[in-house]
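Here is a short briefing on salt bridges. Look over the sequence and the model first.

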Amino acid sequence: MTPVNIIIPVYKGLKDVQDCLESVYSAHYKTDYEIIVIDDCSPEPAVSAYLKEEAAKGKFTLLINEENLGFVATVNRGMQQHPERDVLLLNSDTVVANDWLDRIVHCAYASDNVGTVTPFSNNATICSYPNFCQDNAFPKSWSVAELDQVFARCNAGESIDIPTGVGFCMFIRRACLDLVGYFDVDTFGKGYGEENDFCQRVIQAGWCNKFALDTFVLHTGNVSFGDEHNDLKHAALGKLTAKHPTYDQQVQQHIFDDKAKPFRERVWLASLKCSTTPIIVHVSHNRGGGTLRFLEELSDELKPQAASLMLKPSTSKPGYLTLSQVHTHDAALCPEEKDYCLFFHEQEDKDALLSLLANLPIGSLHYHHLIGLPEWIKTLGTQLSLPWFVSLHDYYMACPQVSLTDETDQYCKEKGIEACNSCIKRNLPQDSADIVNWRNQFRDFLTSATLCFAPSEDTRKRFLHYFPEAKVTTVYHQEGKHLRKDFKTVSPQLSSDHNGKTLNVLVIGALSKIKGADLLENLAVHCKNNHLDIQFTLTGYAYRNLLTLPDSHLHVEGRYNESNLLTSIEDKILNHQVDAIWFTALWPETFSYTLSTAIESGLPIIAPDIGAFPERLYQNDQAWIVPWESDTHTFATVFLELKEQLSKGSMGQAQTKYLSKIPSTENSFHYKTHYLALTKPINLTKIDTLTTIEIKDWIDSILSQRKPKQSLEDKARVGLLNLLYTLRGMKILRRVVKLIPHTLQRRIKEKLVK
């Protein structure tokens with residue numbers, strides 16, 4: 001067979017060029033080939049010197065452009081070198097491995113009409129792995145050779161048609177090149193869009209572009225063009241659509257169909273089975289919030305020492321569980337339409353789920369919540385002979401109300417068994433267990449856990465009161481990752497707004513009754529009626545529409561996502577639009593992420609003397625700890641005292657009479673150093689010990705658990721839930737909603753989301 005020309009255009013980036021060439025040298029080939037390197041007038045003398053030195057050793061043919069021609073003209077020059085040979089265009093910021101070229105050539109000649117072939121990469125838009133159409137960081141726990149071998153074993157000989165190849169690594173058959181012609185230098189100049197145009201011409205000529213699903217090539221990306229690449233891409237897209245009006249439609253249809261998804265999932269499962277690090281399975285609910293945030297941050301912190309999976313109730317199909325990768329991105333509930341999410345019926349597929357978990361190198365289970373999960377989930381650790389940890393994010397296992405609140409939607413003061421049983425009778429179905437039986441169903445689970453993590457000392461003490469035999473340690477959540485890196489704390493002083501007469505108070509978050517929504521409204525109305533120069537801004541929203549300006553001294557900004565929330569807070573602080581931050585909770589919160597942001601801001605903080613607030617604000621000079629049962633008059637007095645202190649330009653002694661005397665607990669346990677030491681040692685399974693048939697059969701048996709279709713009943717339930725959200729948000733129903741106990745509202749919601 002005629003040799004293949006591997007054409008590598010080089011502009012700059014010595015280390016990338018060295019890594020690329022060394023990988024090409026060391027790979028294994030049956031295909032005859034020649035390497036042609038083109039120095040496109042590199043601005044880095046070290047690059048040119050290295051290329052000349054390597055070429056002198058006879059390792060490749062070196063062509064030198066006397067002036068910078070750009071990618072398009074440079075590869076055209078390379079493709080013209082031997083007009084009888086197939087070519088493979090390879091960026092100088094790539095790394096290849098194993099018999100990568102043989103697999104690509106095999107794909108190219110699998111049928112007579114294949115014009116181009118592109119492999120998988122971490123940075124290749126529609127050919128990207130693990131996340132589709134994204135630039136992905138390469139997993140540090142794998143080498144390129146190892147990951148490429150996983151692709152070769154899982155997807156041997158597989159390919160699909162694509163509307164365009166991707167130029168980082170693209171094979172072109174000479175017969176097709178002769179018919180279609182070279183890259184269009186006149187239109188696309190130095191680069192971007194030229195391979196898309198070429199591939200469209202390939203299709204128009206009756207050939208096809210193939211995606212080789214059994215090959216992986218590392219691509220660091222954007223070495224040649226640096227910061228110019230975005231402008232070049234935008235300009236190229238306009239030229240491309242002008243030449244090929246249906247190009248964008250073809251690409252969007254390909255993205256929608258995503259025919260490569262099951263092949264990415266195969267690789268994902270195989271990489272889990274052959275993981276070189278222990279896997280932590282995080283068991284949680286499907287309601288997001290601080291629980292999900294902690295789970296995501298912990299998973300991110302443990303990289304690359306451990307991989308993370310999440311097991312939770314499905315958000316789209318009642319009665320199903322999902323096992324998925326942990327998405328460490330903003331406020332996502334691990335979207336089930338994304339990659340890497342397997343479905344298991346909580347009863348019928350129990351054995352299938354257990355079999356899968358037993359075949360993975362799992363180091364431990366980490367329980368974050370049990371609400372919405374079947375009873376047998378608590379026994380996973382025992383059934384799989386694994387250690388398990390429990391994070392105590394709220395009081396669900398001690399209190400069916402979750403938050404230690406009663407019919408008043410305030411802290412119940414934990415008055416004992418009789419009071420708890422009365423609360424259960426008022427708020428839960430008649431057949432619910434009494435409080436002793438309720439707690440007993442979790443007792444063995446907690447006491448047999450390797451370790452339970454309380455995010456505050458207050459939480460630890462409350463749980464030990466009910467479960468004294470449990471091994472509970474206080475471990476605060478991560479700090480210092482909330483405001484942007486260039487943020488600087490501010491000195492507390494009265495804002496310049498309103499000629500220095502108004503105190504601007506910020507309240508953060510999504511406020512339910514127990515988080516103080518009604519308290520906030522009552523105080524804002526009180527300040528309005530009594531002409532007090534105190535204004536409140538809720539960066540977030542409440543469980544119902546609150547009275548706002550001009551009926552009270554309150555402005556509500558509305559729903560947010562996490563990134564928008566932080567940006568809004570930062571801007572207010574930096575623009576001196578806020579003087580203090582108030583936490584309105586009426587229950588013993590276990591941690592509070594928004595408190596972390598408030599502490600970082602350096603502003604005065606007003607918080608209740610309950611839950612984690614006192615200990616986390618201990619000896620904080622800007623903290624005003626107020627009895628949580630205080631009425632609006634007391635809070636108004638506190639804010640007026642604070643206003644007076646700030647108007648003087650410094651904090652006086654007024655806050656000390658509210659200041660907590662509860663010392664903080666030193667956080668002696670650290671996840672990176674102590675947590676993984678308690679996990680079970682794993683048995684490594686190398687991909688090369690498994691035959692292609694073995695690994696494909698195992699994967700196909702797992703992937704048979706596909707996403708179930710939504711029934712008419714499910715659609716009706718979702719529609720009713722959306723209707724209730726709409727009605728609750730209507731201003732005319734505000735007073736009615738306010739009269740409905742929070743516990744009843746929660747029970748209705750739970751019925752609809754199950």
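E158, R266, K696 and D700 form a linked network of salt bridges. A salt bridge here is a side-chain nitrogen of Lys or Arg within 4 Å of a carboxyl oxygen of Asp or Glu. The structure has 27 salt bridges. This is a predicted model: local features need pLDDT of at least 70, side-chain atom pairs count only at pLDDT 80 or more, and totals for chains, interfaces and linings use all residues. Residues are numbered from 1 along each chain as its sequence is written, and side-chain values use heavy atoms, leaving out hydrogens and water.

**Links between distant parts**
- D161 and K210 join their side chains in a salt bridge at 2.7 Å, N to O.
- D161 sits in strand β7 (residues 159-162) and K210 in strand β9 (residues 208-216), 49 residues apart. Strands (E, at least two residues) and helices (H or I, at least four) are DSSP runs, numbered from the N terminus.
- D161 is partly exposed at 44% relative accessibility, while K210 is buried at 15%. Buried means under 20% relative accessible area, exposed over 50%, and partly exposed in between (1.4 Å probe, protein chains only).
- D518 and R544 also pair in a salt bridge, at 2.8 Å, N to O.
- D518 belongs to helix α18 (residues 517-529) and R544 to the loop between β20 (534-542) and β21 (554-556), so the pair ties together parts 26 residues apart in sequence.
- D518 is buried at 17% relative accessible area, and R544 is buried at 3%.

**A link within one helix**
- R460 and E457 meet in a salt bridge at 2.8 Å, N to O.
- R460 and E457 are three residues apart in helix α17 (residues 457-466), so about one helical turn separates them.
- R460 is partly exposed at 22%, whereas E457 is buried at 11%.
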